[in-house]
Amino acid sequence: MSDNNSSEELETWISNFCGLYGHDYFVEVAPEFIEDDFNLTGLSSIVPFYREALDMILDFEPDKPISVSDLPLVQHSAELLYGLIHSRFILTKQGLQQMVDKYDKKQFGVCPRVYCESMPFLPIGRHDQPGVETVRLYCPSCFDLYLPNSSRYLNIDGAFFGTTFPGLFIKIFSEIDQQIKLRNKKQYELKIFGFKINEESQFGSRMKWLRKLPKTEKEFEELNNCQYEIPLDDEEDIEDEDENIDDDQEEDDDDVEMK
Ligand SMILES: [Zn+2]
């Protein structure tokens with residue numbers, strides 16, 4: 001409002017969209033990114049009124065005027081299209097840089113878990129298809145997902161941030177990875193009159209190893225093996241057992257059908 005340049009900037013569709021209440025997780029996608037057709041591959045089949053929505057986002061005059069009845073639909077399509085472009089843009093160098101600025105200012109909030117020591121959140125979607133679930137927040141320290149603490153974010157689609165963003169973000173900005181490693185991975189242990197509860201007890205911390213990270217090379221190797229490999233001997237046993245189970249089940253199924 002103070003000078004002509006800034007008021008012109010404020011008038012674009014993109015800056016207006018990002019300035020709306022509850023839209024502060026979004027960054028402003030560079031118009032050059034949107035103008036490159038390669039970056040929009042596949043979106044025309046997902047978004048209705050695609051051409052009109054694209055013109056609206058880029059503040060282009062539409063080829064033919066949009067009827068009053070279609071205007072809300074085009075506006076909705078423009079928001080959907082922008083969100084889907086946004087999820088791609090934040091994976092680029094420029095987009096990641098804009099997101100790290102927000103992350104550094106803790107604009108996505110911080111993890112409420114005491115042992116995460118106010119670790120800043122990253123927005124994430126559990127699905128890349130729009131309309132499935134709203135945005136969630138990922139804590140790089142405890143590796144868990146949280147709901148935004150304000151209802152203003154509860155209508156923002158998770159697909160507008162996508163499943164890839166936090167993983168790539170942490171990979172690119174390795175100093176964050178270091179920060180995480182420095183954090184204490186301690187898990188709170190309940191005590192009764194000063195005595196620890198046995199780990200095997202129903203209330204014990206039996207699964208605390210889930211939050212632990214491998215430290216030595218041998219531990220890394222073990223983790224990799226248990227993620228991707230099943231020892232050969234055991235595999236054969238399992239197959240044999242499966243066959244037996246299948247046979248039994250088939251007989252059982254027949255019985256059920258007879259009844
Ligand atoms: Zn956390």
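## Aromatic pairs and buried helix positions

Both F26 and F161 are buried. The model described here is predicted.

F26 itself has a relative accessible area of 3%, under the 20% limit, and therefore counts as buried. The rings of F26 and F161 pair with centres 5.3 Å apart and planes at 35°, so the arrangement is tilted. This pair joins distant parts of the chain, with F26 in the loop between α2 and α3 and F161 in the loop between β3 (145-146) and α7, 135 residues apart.

The count of aromatic pairs comes to 15. Another of them is formed by F26 and Y82, which is also tilted because the planes stand at 50°. F26 lies in the loop between α2 (13-18) and α3 (31-35) and Y82 in helix α5, so this pair ties together parts 56 residues apart in sequence. Y82 is buried, at 0% relative accessible area.

| Ring pair | Centre distance | Plane angle |
|---|---|---|
| F26 and Y82 | 6.4 Å | 50° |
| F26 and F161 | 5.3 Å | 35° |

Ring pairs link a cluster whose members include W13, F17, F26, Y82, F160 and F161.

S87 is also in helix α5 (residues 71-89). Its relative accessibility is 15%, so S87 counts as buried. A polar atom of the S87 side chain lies 2.8 Å from the backbone oxygen of L84. Apart from neighbours within four places in sequence, S87 is in contact with A159, F160, F161 and G162.

In helix α7 (residues 165-172), the residues F165, P166, F169 and I170 are buried. Viewed down the axis of α7, the buried residues fall within an arc of 125°, so they line one face of the helix.

Methods:
Residues are numbered from 1 along each chain as its sequence is written. This is a predicted model: local features need pLDDT of at least 70, side-chain atom pairs count only at pLDDT 80 or more; totals for chains, interfaces and linings use all residues. Side-chain values use heavy atoms; hydrogens and water are left out. Buried means under 20% relative accessible area, exposed over 50%, partly exposed in between (1.4 Å probe, protein chains only). Helices (H or I, at least four residues) and strands (E, at least two) are DSSP runs, numbered from the N terminus. The arc is that of the directions from the helix axis to the C-beta atoms. A polar contact is a pair of N or O atoms within 3.5 Å; within protein, one must be able to donate a hydrogen and the other to accept it, and residues adjacent in sequence count only if both atoms are side-chain atoms. Contact means heavy atoms within 4.5 Å. Rings of Phe, Tyr and Trp (its six-membered ring) pair if their centres lie within 6.5 Å; planes under 30 degrees apart count as stacked, over 60 as edge-to-face and the rest as tilted.
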